Amino acid sequence: MKRKTLIAGALLLLFSGVLSAEQLTTVAVIDISKVYNSFYRDSRSVRELEQLKEEYQEEIDEEVAELNELREELEEAEESGTQSRVDELESEVDRQRRYVEDLTSRRREQLESREQNLVSDDFLNRLQDAITHVAENEGYTVVLRSDQDGLQWWSSTVDISDDVLDRLRDTDS
């Protein structure tokens, strides 16, 4: 009887060890970029940012066109040999070139700042909560990012990106 109890206990320990080992290998992957882009694709903030990008690009294009006109005038003045006009246009071209560089830099910084505001701490906390919810409800013990280096292959059956996106949308309503 004692021997049967020991064997049963050993089998129980072995079986529970196999089960716990199986839990450790339950892995999911998530594409954070996909979740972010899909979640914000239709948001008002992203549409406003895209419109602002277009406006800034139009503004820069106008200034570049003016710079190109000044350069053409400079070439014509150089061909006609009017040194005082050449000197004047060289100064204007240089001023306009610096203005375009400064404008481009300022607009890029403004857009980067707006983009960073979209990825706020609040969104990151909500994203983490959604990942945790999906992982726990579906029995995953590890979630890895598929949009970063390191993962060479994974089955689409372990990709929880759509589930996390659905959870974010559900909690956003």
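**Note on helices and salt bridges in a predicted model**

1. Because Glu-50 and Lys-53 are three residues apart in helix α3, about one helical turn separates them; helices here are DSSP runs of H or I with at least four residues, numbered from the N terminus. Their side chains form a salt bridge with the closest N and O atoms 3.5 Å apart, the term requiring a side-chain nitrogen of Lys or Arg within 4 Å of a carboxyl oxygen of Asp or Glu.

2. This is a predicted model, in which local features need pLDDT of at least 70 and side-chain atom pairs count only at pLDDT 80 or more, whereas totals for chains, interfaces and linings use all residues. Residues are numbered from 1 along each chain as its sequence is written, and side-chain values use heavy atoms, with hydrogens and water left out.

3. Asp-94, Arg-97, Arg-98 and Glu-101 are linked in a network of salt bridges.

4. Glu-63, located in helix α3 (residues 44-80), is buried yet has no salt bridge, since the nearest side chain of opposite charge, Arg-95, is 6.6 Å away. Buried means under 20% relative accessible area, exposed over 50% and partly exposed in between, with a 1.4 Å probe and protein chains only; for charge, Lys and Arg count as positive and Asp and Glu as negative, while His and the chain ends are not counted.

Terms used. Helices (H or I, at least four residues) and strands (E, at least two) are DSSP runs, numbered from the N terminus.
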